[in-house]
Amino acid sequence: MSSPDALWPGTGLGGLARQALEYLVGHPDADEEAVAAGIGVPAPAARTALRSLEAELLAVRVGERPTRWSASPPRSSLGALLARRRQELARAELYAEQLHEVYRTAPGRQIASDLFEVVESDEQVGADGVPLGGVADQGWGVRLGACADSDSAPCR
């Protein structure tokens, strides 16, 4: 099993927000002072972390004077957060593809990646490819191919 710290980066939550959420999960109806003491930070830092959790729908205010906080049910709230992150990543991947298309079709651009293919195993190198020193041992290989701009001229 991975350490808890290794599991959090995909959520986009900062370290203090993560600590505050973990504290709230085990301490329902905690006020800001209790959260601050529980995670070992000043009250303003805890307040900022709690508000970021609230913005992500991971925590809710459950009382006034003093404001008390409770974690939202982790399975559903973290699941919704991860779904939002997946949507953001999908949009970023689409945009990366659009940028690559503009890059690829820019006038005068010669793209080296159109001339070769990187392979990572001997099995990926077929009859048209030549392994260099054993792909598996070296971690790389070359697949020979034709230049995109030329029918018979040598590749440059």
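Student: Over which residues does pLDDT stay under 50?
Tutor: In this predicted model, pLDDT stays under 50 over residues 144–150. The model has 13 contacts beyond four places in sequence for residues 144–150.

Student: How should coordinates be read where pLDDT is low?
Tutor: They should not be read in detail.

Student: And what is the mean pLDDT of the protein?
Tutor: The mean is 77, with 69% of the residues at 70 or more.

Student: Turning to helix α3, which residues are buried there?
Tutor: Helix α3 spans residues 32–39, and its buried residues include Glu32, Val35, Ala36 and Ile39. They lie on the same side of α3, because the arc they cover around the axis is only 100 degrees.

Student: Why do residues three or four places apart point the same way?
Tutor: An α-helix has 3.6 residues a turn, so such residues point the same way.

Student: What is exposed on the other side of α3?
Tutor: Glu33 and Ala37 are exposed there.

Student: What covers the buried residues of α3?
Tutor: The cover includes α2 (15–26), β1 (30–31), α4 (43–55) and β3 (68–71).

Student: Which residue caps the N-terminal end of α3, and what follows the helix?
Tutor: Asp31 is the cap, with a side-chain oxygen 3.2 Å from the backbone nitrogen of Glu33. Gly40 follows α3, and its phi is positive, near 75 degrees.

Student: What is Thr67 in contact with, leaving aside neighbours within four places in sequence?
Tutor: Thr67 is in contact with Ala30, Asp31, Glu32 and Arg61. Of these, Asp31 also caps α3, and Glu32 is one of the buried residues of that helix.

Key: Residues are numbered from 1 along each chain as its sequence is written. This is a predicted model: local features need pLDDT of at least 70, side-chain atom pairs count only at pLDDT 80 or more; totals for chains, interfaces and linings use all residues. Side-chain values use heavy atoms; hydrogens and water are left out. pLDDT is the predictor's confidence in each residue, from 0 to 100. Contact means heavy atoms within 4.5 Å. Buried means under 20% relative accessible area, exposed over 50%, partly exposed in between (1.4 Å probe, protein chains only). Helices (H or I, at least four residues) and strands (E, at least two) are DSSP runs, numbered from the N terminus. The arc is that of the directions from the helix axis to the C-beta atoms. A polar contact is a pair of N or O atoms within 3.5 Å; within protein, one must be able to donate a hydrogen and the other to accept it, and residues adjacent in sequence count only if both atoms are side-chain atoms.
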